[in-house]
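User: I am new to this structure. Please show me how to read its features, one at a time.

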Amino acid sequence: MFEQLKEFIVNYVDVEPEDITLESRFIDDLGFNSYDFMSLLGDLETELDVVVDESEIVNLHTVGEAIEYLEKLKD
């Protein structure tokens, strides 16, 4: 899931895949704005066939947190 998420991230922000870690923060470290983040989540919903809860995603700050959340949705 980490590698797959990195592939999505580099389509939204100007960052190299090798610079993305589980601790990378979407806004502070990777340069996401709220629109880009919501667009990313929309694409992930389609790709992974899940539905994200907008009230829960406000708590996703790092790549690792996003992976944990998405993996729970897939189960």
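User: Are Phe26 and Phe32 buried or exposed?

Analyst: This is a predicted model. Residues count as buried under 20% relative accessible area. Both Phe26 and Phe32 are buried.

User: How many aromatic pairs does the structure hold?

Analyst: There are four aromatic pairs. Phe26 and Phe32 form an edge-to-face pair, with 5.4 Å centre to centre and 85° between the planes. An angle over 60 degrees counts as edge-to-face.

User: Which residues form one aromatic cluster?

Analyst: Tyr12, Phe26, Phe32 and Phe37 make up one cluster.

User: Which residues have the most contacts inside the largest nonpolar core?

Analyst: Start with the general idea. Nonpolar side chains tend to be buried together in soluble globular proteins. Here the largest nonpolar core has 23 residues. Those with the most contacts inside it are Ile9, Phe26, Leu30, Phe32, Leu40, Leu44 and Val63. Two or more residues each come from α1, α2 and α4 (63-74).

User: What does Leu44 touch, not counting residues up to four places away in sequence?

Analyst: Leu44 touches Leu5, Phe8, Asp49, Val50 and Leu70.

User: What is Ser24 in contact with, leaving aside its neighbours within four places in sequence?

Analyst: Ser24 contacts Asp19, Asp29, Leu30, His61, Thr62 and Val63.

Note on methods
Residues numbered from 1 in each chain as written. Predicted model: local features only at pLDDT ≥ 70, side-chain atom pairs only at ≥ 80, totals over all residues. Heavy atoms only, no water. Contact = heavy atoms within 4.5 Å. Phe/Tyr/Trp six-rings, centres within 6.5 Å; stacked < 30°, edge-to-face > 60°. Buried < 20%, exposed > 50% of the residue type's maximum accessible area, 1.4 Å probe, protein only. Core = buried A, V, L, I, M, F, W, Y, C linked by side-chain atoms within 4.5 Å. Helix = DSSP H or I, 4+ residues; strand = E, 2+ residues; numbered from the N terminus.
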